[in-house]
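Visitor: I would like to learn how to read a model of this kind, one feature after another. Could we begin with the surroundings of the ligand?

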Amino acid sequence: MSALIEMRGVTKTYGAFTALNDVTLSLSDTSPSMTAVAGESGSGKTTLARMMLGFINPSHGQVLYQGKDVARMTGAEQRQFRREVQPVFQDPFDVFNPFYRIDHVLETPVKRYKLADSDTKARAMIEDALKRVGLRPQDTLGRFPHELSGGQRQRIMVARAVLLRPRLIIADEPVSMVDASLRATILDELKTLNRELGISIVYITHDLTTAFQICDNIMILYRGNVSEAGAVERVIGAPKHPYSQLLVSSIPLPDLSKAWGGEEIPVSEASAARPNPGCKFAPRCPHVMEMCWDNLPPKYVPDSERLATCFLYRDAPVAASDDVASVFRPPNHSITTTAP
Ligand SMILES: Nc1ncnc2c1ncn2[C@@H]1O[C@H](COP(=O)(O)OP(=O)(O)OP(=O)(O)O)[C@@H](O)[C@H]1O
């Protein structure tokens, strides 16, 4: 598989603290995918997103975009990367200048990347992008940021990303500031962009319910380490890692309609005090064994389309590849529309 983006053994440390540990993940260049990255607060989700976007460099390992090391790109390569890999953040309000009408946010990329050779074409492109995210141009253009709802502002940021016809959108908690009634709509729109425009989406979230609803595959992080990964039906539907099991047990099944709350899992004082160079989940794990404290478990493949880094599965084969995506379910669609 040729990779659109690839994290190769990526670790990020801040002093002695490891925010992300040895993550290898590649997303296909030919089959546009929707991949969730989930985990509780502080698990390293945003750190991973910022490295994929080239905002910060790995301490070890590499991030490659179409085979090129993001940290070592030439000016022209970087410009292409900046256009093709677009972020959508949690709270778009900071991105808007309150003194400019929202048109400005949409016109700027059209001008910067010379996407249109006339004002009429520019306007048509902007209107098309707004419609793709469910906004009516006549109700949206000409307004100031404070005249729009949080959900509308977030959709404008998605429209801005769409204008550039990116190959990849990295959406970091894109709907957590949005009214609950609009969340599903915005996420469905991301899914439509994936299906219709062939844009791959990395959806960073603490919410397993929405990850299940829109993504093909998921990677769950715990304190910077991949704990479980694979097809959402496997990992969320029938989790194997004790951490994923605890997360999923807080969703009121079988009805996945309520958002996962990321409840705190208690740690005994004795466990908390014990040094553990091994599995980071050991102090909270109901199944902890002696071997877990000193050894980092490898990626076991207990059944198809998933891996779990947990010694409970030590009788299962170890993943043949370091690449987490090697157990992903291939998306069941291919690009229907190509970028201009
Ligand atoms: N610049 C930094 N300096 C020091 N530590 C940092 C820095 N950035 C992140 N961290 C730490 O790295 C860990 C992972 O942070 P990160 O923001 O990636 O987590 P997250 O899973 O996105 O959490 P949240 O859901 O709360 O946003 C946290 O413990 C955080 O405090």
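Guide: A residue counts as near a molecule or strand if its C-beta atom, placed from the backbone, lies within 6 Å of it. This is a predicted model, in which local features need pLDDT of at least 70 and side-chain atom pairs count only at pLDDT 80 or more, while totals for chains, interfaces and linings use all residues. Residues are numbered from 1 along each chain as its sequence is written.

Visitor: Which residues surround the ligand?

Guide: The ligand is surrounded by Tyr-14, Phe-17, Ala-19, Gly-39, Ser-41, Gly-42, Ser-43, Gly-44, Lys-45, Thr-46, Thr-47 and His-206. Helices (H or I, at least four residues) and strands (E, at least two) are DSSP runs, numbered from the N terminus, and those that give two or more residues to this shell are strand S2 (17–28) and helix H1 (45–52). The largest share, 3 residues, comes from H1.

Visitor: How does the shell around the ligand divide by class?

Guide: Ala, Val, Leu, Ile, Met, Phe, Trp, Tyr, Cys and Pro count as nonpolar, Asp, Glu, Lys and Arg as charged, and the others, Gly among them, as polar. On that basis the shell has 3 nonpolar, 8 polar and 1 charged residues.

Visitor: In what order do the strands of the open sheet lie?

Guide: Two strands pair if DSSP finds at least two bridges between them. Here 4 strands form an open sheet in the order S2-S1-S4-S5, with antiparallel pairing, and the edge strands, each of which pairs on one side only, are S2 and strand S5 (68–69). Strand S1 (residues 3–14) is joined to S2 by 8 bridges, and Met-7 stands opposite Leu-25 in S2. S1 and S2 form a hairpin with 2 residues between them, where Gly-15 in the turn has a positive phi of about 60 degrees.

Visitor: At what angle do the axes of H3 and H4 cross?

Guide: Two packed helices are described by the angle between their axes and the distance between the axes. Axes are lines fitted to C-alpha atoms, for helices over the stretch in contact, and angles run from 0 to 180 degrees between N-to-C directions. The axes of helix H3 (residues 103–112) and helix H4 (residues 119–132) come within 10 Å and cross at roughly 125 degrees. That makes H3 oblique to H4, since angles under 35 degrees count as roughly parallel, over 145 as roughly antiparallel, 65 to 115 as roughly perpendicular and the rest as oblique.
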